[in-house]
Amino acid sequence: APDMQVDLTYSGLPVLDDNRFSEYMEEGGFSLVPDIDAKDIAKFIAEGNILGVVQGNSEHGSRALGNRSIICNPVEGMKETLNHKVKNREWYRPFAPIVRVEDAHKYFNFHGTESRHMVYVAEVKDEWKSTLPAITHEDGTGRLQTLSRHQNELIYDVITEFESLTGHAVILNTSFNVNGKPILTRLSDALHILANSKLDAVYYKGNLIFRNGEEKH
């Protein structure tokens, strides 16, 4: 057997229509804010915005792990806002938390070392339940994803910046798809969701993409 475990987390497809990015921008009624970094993303979601993230190769498997994700701040009311604006899901279906691997035990009664593929359900610690209701299921648990910086540098850095703004280092993550369709593989799918839902923006290659006239600086 090989000594090195091969990490297949992000071994799915790249964005299949990346070469049409500028064409979509010109034709699609979108506007861009360029030169966006992790700090900008953290501020955007800390202010209550819902962001679609498209980066790198897609996740291997059925769960979004930060490369085809919709992320936001898991505070009171965000689950309802997310369902109303974007996801149209049953009210009782929980959304998942992402946490830096070193913080998992701070927020969750988690007995493992990592949960990089979101296979573990762990109880949200009592002192955090009122802060993080949008990722806390009715039974008090969350299906958590842990993240090292090596695994997903952008999302890790977003969480680090987000903590300094909000006082907590847990973000809500759900798959970037709607109405039960598979996780998207094309930028055109992401932009279709942006155009036809109340998603606030899409992050792609250092840009925040908005519906025309809605860009926030």
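How many residues does helix α6 have, and what does it reach from its first C-alpha to its last?

1. Basis of the note. The model is predicted, so that local features need pLDDT of at least 70 and side-chain atom pairs count only at pLDDT 80 or more, while totals for chains, interfaces and linings use all residues. Residues are numbered from 1 along each chain as its sequence is written, and side-chain values use heavy atoms, with hydrogens and water left out.

2. Helix α6. This helix (residues 153-166) has 14 residues and reaches 20 Å from its first C-alpha to its last. That is close to the 20 Å expected at 1.5 Å a residue, the expected span being 1.5 Å times one less than the number of residues. Helices (H or I, at least four residues) and strands (E, at least two) are DSSP runs, numbered from the N terminus. Just after α6, G167 takes a positive phi of about 85°.

3. Burial of α6. The buried residues of α6 are L154, I155, Y156, V158, I159 and F162; buried means under 20% relative accessible area, exposed over 50% and partly exposed in between (1.4 Å probe, protein chains only). Their cover includes the helix α2 (38-46) and the strands β2 (51-54), β4 (96-100), β7 (141-147), β8 (170-175) and β9 (201-204). An α-helix has 3.6 residues a turn, so residues three or four places apart point the same way.

4. Packing of α2 and α6. The two helices pack at an angle of about 55°, with their axes 8 Å apart. Axes are lines fitted to C-alpha atoms, for helices over the stretch in contact, and angles run from 0 to 180 degrees between N-to-C directions. α2 and α6 are therefore oblique to each other, given that angles under 35 degrees count as roughly parallel, over 145 as roughly antiparallel, 65 to 115 as roughly perpendicular and the rest as oblique.

5. Residues of that contact. On the α2 side the contact (heavy atoms within 4.5 Å) is made by A38, K39, I41, A42, K43, I45 and A46, and on the α6 side by L154, D157, V158, E161, F162, L165 and T166. These residues divide into nine nonpolar, one polar and four charged. Here Ala, Val, Leu, Ile, Met, Phe, Trp, Tyr, Cys and Pro count as nonpolar, Asp, Glu, Lys and Arg as charged, and the others, Gly among them, as polar.

6. A96 and M118. A96 is found in strand β4 and counts as buried at 9% relative accessibility. Leaving aside neighbours within four places in sequence, A96 is in contact with M118, I135, R143, I171, L172 and N173. M118 lies in the loop between β5 (108-109) and β6 (120-124) and is buried as well, at 5% relative accessibility. The phi of M118 is near 65°, a positive value in a residue other than glycine.

7. D35. This residue lies in the loop between β1 (30-33) and α2. D35 is not a glycine, yet has a positive phi of about 60°. Its relative accessibility of 70% counts as exposed.

8. T131. The loop between α5 (126-129) and β7 holds T131, which counts as partly exposed at 26% relative accessibility. Beyond its neighbours within four places in sequence, T131 is in contact with P74, V75 and H168. The C-alpha atoms of T131 and G167 are separated by 9.8 Å, with the two residues 36 apart along the chain.
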